[in-house]
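My plan is to go through the fold piece by piece and jot down what I look up.

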Amino acid sequence: MKHVRILYLSVIIAFMPASLMGEVSVKVKNICFIDGYKTNQVYGYGLVVGLQGTGDSKSSLTRNSLKNLLSSMGLQDTEPVTKNTAAVIISATVPPNLRIGEKIDVYVSSVGDAKSLAGGVLVQSSLKGGDGIVYAAAQGKISLPAGENTRTSVKTSGIIVSGGVVEKDIKPEFIFKTADDRNFLYLVLTKWDYATADKLIKALKEKLNNSEISLGENGKISITIDDSIPLTEFISNIEDIEIVPEVRATVVVNEKDGTIVTGGNVTISEAMVSRKGMTIQIDNSNKKLSAAFLKDSATVKDLVDSLNAVGANTEDIIAILKALKDSGALHADLIVK
C-alpha cells in the first residue's frame, strides 16, 4: 500500500510546541516589494535560420520576412526557399536596474508550421517593451529543453542563454512626491492580509521615527523618505525589519506523487467520512465500520495518518480532502496540482 506523505513548509515549525506554531518572524523584504521596482517583459519577432529542412514550408509570413532580410543586406531573391527557416516570436524578462551591455536569456517560439528549431540560429532581432521602445537585441544558437522522452519533448520552442544584449537602460520609477514636496515610496505586500498589514505599519512606525507611514489606495503602504540618511540605507532598514505575518491556511495536494503540504493553522471541523471500500477496525472491539468520525479541530496530519492506517490510497485521501472542502469542514484553501 502506498502511503501519502505530508510535509510542512518549515522543518523548524514541525518541531515547535503547539503554542508557538506559526510564530516565525520574517524580514519585510521576503513578504513585500517596493511599488515600481519591478521586472519588465520584452518581446519581438525574428527568423531562425540553419534548420535541417524542419522550417516553415507554407508560411507566406516567413517567405516575405526572409525576402525583406535578404533585401536589407543588398541581396535579391524573388522566391527564397524557407524549409531551413522559421518565423518565431522572441520573449524575455528584464530585471530592474539593468544596464546597457548586460545579457539576458531569450525564449524563442515558432509561429509557423516548423517541425523543429533544433540546430537553428536566431538572426539579430529587436525586443520591445509594452511602450514600443526597443530595450534589447537578441541573436544566437537555440537550445531545446532536454526532456525525459526526446520523441515527445517540444522542439518548436527553445532558449538562447545570454542571447539578449540590453540596448537601453531601464530605470525603475519608485520614488513619488507628496503634496508638500516630500519624497515617498510605496511598500506592497506580496499577499494582502489586513492583520499582516497592521503589524507591518506598527513595526515601520516604531523603526522609522522621521517618516510618516499610512495605508494608501489598493493596499499600498506609503512611507515618506528620511532625507537625513542615504536612500540605500533607508530602504535597507525597511527591508531588514522583522514581523510575524499571518499565514493563510492552505493545503496543497500533488496528485501525481501523493504529497500533501499544509501551511498555516489548518483545522477540520467535526465531520463524518465514508468512502467505498474503506473499513475501520475499532480498537478493543470486534466491530468494523465503513465510516470514520472526525472530532472538531482535527488537523490534516491527523486525517492523513488515520486514513493511511486503514489502508486508504492516494486517490482516496485526495477525494476525501476535496469532499471535506466542498462540505465546509476543511478550513483552508485547497490547491490540487
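**Entry 1: a hairpin.** I began at the hairpin of E15 and E16, where 4 residues sit between the strands and glycine 258 has a positive phi near 80 degrees. I'm looking at a predicted model, where local features need pLDDT of at least 70, side-chain atom pairs count only at pLDDT 80 or more, and totals for chains, interfaces and linings use all residues. Residues are numbered from 1 along each chain as its sequence is written, and side-chain values use heavy atoms, with hydrogens and water left out.

Strand E15 covers residues 250-254 and strand E16 covers residues 259-263; they run antiparallel and 5 bridges join them. For my own use: two strands pair if DSSP finds at least two bridges between them. Strands (E, at least two residues) and helices (H or I, at least four) are DSSP runs, numbered from the N terminus. Across this pair, valine 252 stands opposite valine 261.

What does E15 do with strand E23? The two run parallel, joined by 4 bridges, and E23 spans residues 333-336. Valine 251 is opposite leucine 334 there.

**Entry 2: the whole chain.** I stepped back and found 6 helices and 23 strands. Of the 337 residues, 36% are buried, where buried means under 20% relative accessible area, exposed over 50%, and partly exposed in between (1.4 Å probe, protein chains only). The accessible surface is about 20300 Å², and 50% of it belongs to carbon and sulfur atoms; such areas come from the Shrake-Rupley method with a 1.4 Å probe, and for residues only the protein chains shown count as cover. I also looked at contacts (heavy atoms within 4.5 Å). Among those between residues at least 6 apart in sequence, 66% join residues at least 24 apart.

**Entry 3: the barrel.** Which strands make up the closed barrel? I traced 6 strands in the order E4-E5-E6-E9-E8-E7, with antiparallel pairing. From one strand to the next the twist averages 30 degrees. For angles, axes are lines fitted to C-alpha atoms (for helices over the stretch in contact), and values run from 0 to 180 degrees between N-to-C directions.

E4 (residues 40-49) pairs with E7 (residues 121-128) over 3 antiparallel bridges. Valine 49 has valine 121 of E7 as its bridge partner. Helix H2, residues 60-72, lies across E4, E5 (86-94) and E7, at about 85 degrees to E4.

Aspartate 105 is partly exposed, at 33% relative accessible area. Leaving aside neighbours within four places in sequence, aspartate 105 touches Ser91, Ala92, Ile159, Ile160, Val161 and Ser162.

In the loop between E5 and E6 I found asparagine 97. Asparagine 97 isn't a glycine, yet has a positive phi of about 65 degrees, and with a relative accessible area of 41% it is partly exposed.

**Entry 4: strand E11.** Why call E11 largely enclosed by the rest of the structure? Because 5 of its 7 residues (183-189) are buried.

I listed its partners next:
- E3 (residues 32-34) pairs with E11 in the antiparallel sense over 3 bridges, and cysteine 32 has leucine 189 as its bridge partner.
- E10 (residues 176-177) pairs with E11 in the antiparallel sense over 2 bridges, with phenylalanine 176 opposite phenylalanine 184.
- E13 (residues 221-224) runs antiparallel to E11 and is joined to it by 4 bridges, with leucine 185 opposite isoleucine 223.

E10 and E11 form a hairpin with 5 residues between them, and aspartate 181 in the turn has a positive phi of about 65 degrees. Buried or exposed, this aspartate 181? Exposed, at 55% relative accessibility.

Entry 5: Last, I looked up the second largest pocket and noted a volume of about 280 Å³. On a 1 Å grid over the protein atoms alone, a pocket is an open set of points where a 1.4 Å probe fits, with protein on both sides within 12 Å along at least five of seven lines; lining residues have an atom within 4 Å of a point. Grid points are joined across faces, edges and corners, and the volume is the space filled by probe spheres set on them.

This pocket is lined by 15 residues, and Lys38, Asn40, Tyr135, Ile170 and Lys171 lie nearest its centre. Which element gives the largest share of the lining? E4 does, with 3 residues.
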